[in-house]
Amino acid sequence: MTGFMGLNEKYAVGILLTFMLLGIVMLYVFPVISMITGAKTITGNTFSISRIAIWVVLLITFLYSLFIEKGPFLLKIEKKYSTAFNIKAVVILYLVCVFGGAVLNGLIQFFIHKEDGSKILQFTSLFKNDYFLIIFTCLTAGAVEELLMRGFIQPRIEKIYNSPLAGILVSAALFGILHSTYGTIGQVIVPFFIGVVFAMFYKKYSNIKILIACHFMIDFVTLMAMNFIDFKHLSVF
């Protein structure tokens with residue numbers, strides 16, 4: 001059947017497959033884990049298993065690119081930069097995302113007054129002084145999200161529509177939609193904003209490692225802060 005599909009059709013199927021698998025994991029991984037293990041509440045162990053499921057999605061997508069598309073996972077060739085550039089890029093991206101996200105959250109709170117972040121807050125106790133879980137969660141979010149959303153999906157959308165703008169906006173929109181499972185408007189708008197910033201950087205500089213490092217840093221600082229304060233606006237995946 002794949003022999004009858006053109007490359008753009010294969011790209012479209014791969015994007016749909018990746019998005020559907022991520023959506024299924026986000027929506028159903030905890031109920032499935034609970035059904036299999038009998039766990040009534042989410043624990044550090046069950047949360048770790050849920051992150052492993054996300055790595056499985058990355059593996060499936062990689063195999064799809066290898067055996068169905070019969071091409072490279074990353075369509076854009078990675079560009080190398082100096083250590084100084086890498087550090088500066090991570091810091092600037094971090095500041096843009098954090099301050100931009102804070103402004104957007106402030107506007108949302110101003111206009112909506114209050115959001116129900118109960119689904120987010122139920123995870124806060126899991127990360128208290130569990131540094132392995134914090135690092136594993138941040139590594140999963142940084143590596144898997146960037147490899148899939150920016151590395152895999154963005155350039156394929158760009159090729160399908162022959163439009164860099166479409167690649168940026170659609171990949172960012174999918175990024176925001178996936179975070180909607182946390183149940184707040186902020187968890188859609190802020191990831192969409194971050195997705196646009198990251199996608200624009202990836203389009204110009206073609207370096208996924210910088211984005212992985214910055215994504216890791218954003219989530220790591222957030223989760224570490226949760227050890228000390230009541231933090232209601234997670235960006236973790």
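Colleague: How far apart are the mean positions of the positive and negative charges of the protein?

Modeller: In such a count, Lys and Arg are positive and Asp and Glu negative, while His and the chain ends are not counted. Each charge is placed at NZ of Lys, CZ of Arg, CG of Asp or CD of Glu. Here the mean positions of the 18 positive and 11 negative charges are 6 Å apart. Please note that this is a predicted model, in which local features need pLDDT of at least 70 and side-chain atom pairs count only at pLDDT 80 or more, whereas totals for chains, interfaces and linings use all residues. Residues are numbered from 1 along each chain as its sequence is written, and side-chain values use heavy atoms, with hydrogens and water left out.

Colleague: How many helices and strands does the protein have?

Modeller: Helices (H or I, at least four residues) and strands (E, at least two) are DSSP runs, numbered from the N terminus. The protein has eight helices and zero strands. Its radius of gyration is 18 Å, close to the 18 Å that the globule rule gives for 237 residues, so the protein is as compact as a globular protein of that length. That radius is taken over C-alpha atoms, and the rule is 2.2 Å times the number of residues to the power 0.38. Along its principal axes, the C-alpha trace spans about 50 × 45 × 35 Å.

Colleague: Which residues have the most contacts inside the largest nonpolar core?

Modeller: In soluble globular proteins, nonpolar side chains tend to be buried together. A nonpolar core is a set of buried Ala, Val, Leu, Ile, Met, Phe, Trp, Tyr and Cys residues joined through side-chain atoms within 4.5 Å. Buried means under 20% relative accessible area, exposed over 50%, and partly exposed in between (1.4 Å probe, protein chains only). The largest core has 51 residues, and L93, F127 and F198 have the most contacts inside it. Helix α5 supplies the largest share of this core, 11 residues.

Colleague: Which residues does L93 contact, neighbours within four places in sequence aside?

Modeller: Contact means heavy atoms within 4.5 Å. On that basis L93 meets V197, F198, F201, I210, L211 and C214.

Colleague: Is I208 buried or exposed?

Modeller: I208 has 4% relative accessibility and therefore counts as buried. This residue lies in helix α8 (residues 208–225). Not counting residues up to four places away in sequence, I208 touches L74, E78, E146, L147, R150, G151 and Y202. Its C-alpha atom is separated by 15 Å from that of I218, 10 residues apart along the chain.
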